[in-house]
Amino acid sequence: MLNKIIFMVLTTLIVSPTLRGQEDVSITLSEVILSDAKLKQHATGSKIQSISDSVFVVPASTLTELLSSQSTIYFKENGYGAVSSASLRGTSASQTAVVWNGININSQLTGQTDFNTISGHGYDEIKIRYGGGSTQYASGAIGGSIHLTDVQTFNSPWSTELGIGYGAFDTYRMNYTMSHGSEKLAVDIGGRYIDSKNDYAFLGTDQKNENGAFKHTNLNASASYILSRKQVLKFYQNFFTGDRQFPYSLTAQSDDKYQDTNSRSLIEWSHYQGQTIHSLALAYIYENFKYYPNRGRPEFQSGQSNNVIAKYNLSRSFGSIRLNSLLEYNRISAAGNSISTAHRHLYVGSILLSHRISSKLSYGLNLRQELLSDYSSPLVYAADGKLKVNNQYTIKASVSKNYRVPTFNDLYWSGPGAEGNTSLSPETSLQLEMTHSYDFANFYSKASIYYINTSKMIQWSPDNRGIWSPNNVDNTRQYGLEVAMSYVKLLRKHQISLNQQYSYVRSSNVVTAKDLIYVPRHKFTSNMSYQYQSWGMQLQSIYTGSVYTTTDNSSALAGYHVSNMELNKKFHTAADFKVTVAVSIKNIFNKNYQNVAFRPMPNRHLHIQLQTKF
Amino acid sequence: MSLLGRCLIDTCTYNYKLNFNMIKVNYLFAAIICFTLAWSSCSKDDELEMEMMMEIEEETEEEVLPYANGILVSNEGPFASGTGTVTYIAEDLSMKSDDIFKAVNGTDLGNVVQSIGFHEDDAYIIANVSNTINIVDRGTFESKGLISEGLNNPRFFISVNNKGYVSNWGDPADETDDYIAIINLRDYSISGTIPVDFGPEKMVSKDNTLYVALQGAFGQNNKVVVINTVTDNVESEISVGDVPNDMVLDSDEYLWVMGGGAPSFTGAETAGSLSKVNTETNTVENAFEFEVTEHPSQLNFDDGILYYYLAGAVYELPTVGMTLPVKTMIEDVSFYEMVVNDGMLYGTNAKDFSSKGELTVYDLNTMSSVATIEVGIIPGGIYFN
């Protein structure tokens, strides 16, 4: 009942904004163009990291590879290229939201994103927003959210980029992008393809990573069209299809494979006048998987979900205050071998406010309430602030309540030895964080501390009949520290940049007082880039600390340190035709390491890439 | 010597584990203890420990069979990856050793250690997902052989008529490729196969007759096949209740078959059942029906009484009993495996299936627990050496 009242209040606020103020914040086109504008406008106290993949010419195969080398996010990968889940700030795999052009695309079936089913290359912007963000990005934004964004540019000439690559373990890659922007229309189209036999040797044994082949195709298209001086129409499409085998481990052979298809479509109409932006968006998110327990046989298990989203957003500035209100409707349906067809209707009301008190001090307040057909969702909130002490030193802080909804599997699973539980509630999480930034000349640094407490964690466990089912039993706690430092130096023809990140996290189950499994306490990444004229060199070094592999912490997997490098050279054959050749060596020191117990990761390997731009 | 030997193996196993955990200080501490006890050079390098364990084994092998008397618990090991283990527990429950196969042989048993079968001095350790059987000397646990060909989803081993028989599911999606593999017990080779209907699981023998319960793999079946081990042919099939998950032969040579019944997720839930089979005529003489929602398992026989597990409780039924019992003997337990042996009841708790499980021992006279011992991950088999 209370939920309904809050929902009503939120929606009333949206429909009749009564605040008035000076109209001194003008709206720029870029704000209208960006589908995930909230990431800029309503992130006063959040730590946001931009991931740049441009220094590397050899593209990252998957988002796992890109983010694990450039951030302190830990990935648990069941063998290279196989199922990969993220742990951000020590939280669980379903507590990191992946946001595509402003829309949460975590699987409705599992609640997670498999980071090996997202291309590591081909998005114009990849950003990590650390910490809770459920008020804006909904379920799962507890540890943080990963934002994949397409950006179009008006008034830009035709540009085409074509790349081909070949590397160890019979890996073929191809990528293509084409973009063009006239005064009224901006278009961006891209495609990536990777095919790898992935049969690297397990060092120290006579075994190989058999049954590990994978093949991915990723297609992106986006366009913005200026309908009139006050209206913009935007369109985004992403299509991904993956065909993967699940590899051998040291102790077991396998012959299973997994095919998945994901399609994401978004169309958005925005109207802007004065200090007000109205936008209406329609999105359709489709996921489908087929799991073949034996790829030599025709039997498979499958699951799919359809998510239709309709959003109305009203954003308005009142002097130094910006108010953003949102009404949203989702209709989600899921079906599969082990789920009887299930539907969910979801209504969302949310209000985001950011206030710039002075050039030094600003704050934000967010509220969100959902109403659902199959369980009740909590009111979530966030309050954050930013204090610019001086030109070098900034302090940000936030406090928020966030949540993770039960998935369709959690609620409706019905299969051998397992049963869903329809009386589950969402996991709820309270958190605090503070970030200090200090920038000086070419030196940038950030240090964050945080504390997260999540209750009603959904945990699957067997009952005395041996039937597994989920319950809201666990309570987990994370706290930790993150330090990031970067340095850029330009010295005539030499350019050096250094980027170091370290994280320390303690992540434990409050009930048992044991560490959560597969969360390293320490992670350190170091990226160095050196450019001299047309030559470039990148060095990358990643240390991942040891992890426990059993919930009673009785066994552990050793930490590892892996280094990679790339050498590239640009050739300017003509003014409008650029060629770049790159060679990369991964795992330079041929380190024998495991990310998941009994699943060795690739030994030293080489890749060559030819990239043309015209 | 045997105690010292075991102590050494324990210390070194511990040492290995600590090393694995990268806790260098404790590792050194354990290494020093190892060194002083063994008067032999414990590892300077990370990889020498295994050799050391082998050395200890060599020292002890002539005089003692360290695992000859006591309990062996097979632990399936973590679901997704990794290896199963075998835990040894002394007969008087005073000490135990974890992962004795690796301690002795330096290698892993394989993924999902399903069960152990015995023949004379040999123990046959089945790794279901790895499709292997490691054969060890049951007293020393020294490896004697490995069967890695000809198995497909192996489940259980039994020796009858001087031959070994291993039930195999084949591909669970294929209901027609299930078989019993026949093992040559001299050279550990597979000498033949006997095709059976789908889902062969537990086996019991009487003289030269082999009874195989067709539980139905991931699905459901409802038969017991009778195999003549002289000809290695299927002689007959006995229809029993759905999902025969366990069988015992009582002292009057009646075969008791526990049917779990079809579970509720199938949409056609059926009751559990207990069938009494006359092994002279191979026909069902009597059958007890449970309630539709009751799915019993873990059938045992000891001293004229049948014991079984149902929904967190243990029940007992004398073989001469006329009706199913309503009184529980042990309550509020969660047994992944339960075995009754010589007046004692042994039950394992797999907890959350991703941490070490426990074995609890009960005295059948008092029905009270005598001891609880930590074992390995997902303890699924209990055997007496």
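In the predicted model, B:Ala127 has B:Thr132 of β6(B) as its bridge partner. This pair belongs to the region where strand β5 of chain B, residues 122-127, meets strand β6 of chain B, residues 132-137. The two strands run antiparallel and are joined by 6 bridges. Both are part of an open sheet of 4 strands in chain B, ordered β4-β5-β6-β7 and paired in antiparallel fashion. At the edges of the sheet lie β4 (113-119) and β7 (143-147) of chain B, each of which pairs on one side only. From one strand to the next, the twist averages 20°.

The contact between the chains draws 30 residues from chain A and 26 residues from chain B. On the side of chain A that touches chain B, two or more residues are given by each of β21 (414-415) and β24 (443-462) of chain A. The residues on that side of chain A comprise 10 nonpolar, 14 polar and 6 charged.

Within chain A, A:Thr261 is located in strand β13, which spans residues 257-273. A:Thr261 is classed as partly exposed because 17 other C-beta atoms lie within 10 Å, whereas a buried residue would need 20 or more and an exposed one 12 or fewer. When residues up to four places away in sequence are not counted, A:Thr261 touches A:Thr241 and A:Asn288.

Methods: Residues are numbered from 1 along each chain as its sequence is written. Chains are lettered from A and ligands numbered from 1 in the order in which they are written. This is a predicted model: local features need pLDDT of at least 70, side-chain atom pairs count only at pLDDT 80 or more; totals for chains, interfaces and linings use all residues. Two residues are in contact if their C-beta atoms, placed from the backbone, lie within 7 Å. Ala, Val, Leu, Ile, Met, Phe, Trp, Tyr, Cys and Pro count as nonpolar, Asp, Glu, Lys and Arg as charged, and the others, Gly among them, as polar. Two strands pair if DSSP finds at least two bridges between them. Axes are lines fitted to C-alpha atoms, for helices over the stretch in contact, and angles run from 0 to 180 degrees between N-to-C directions.
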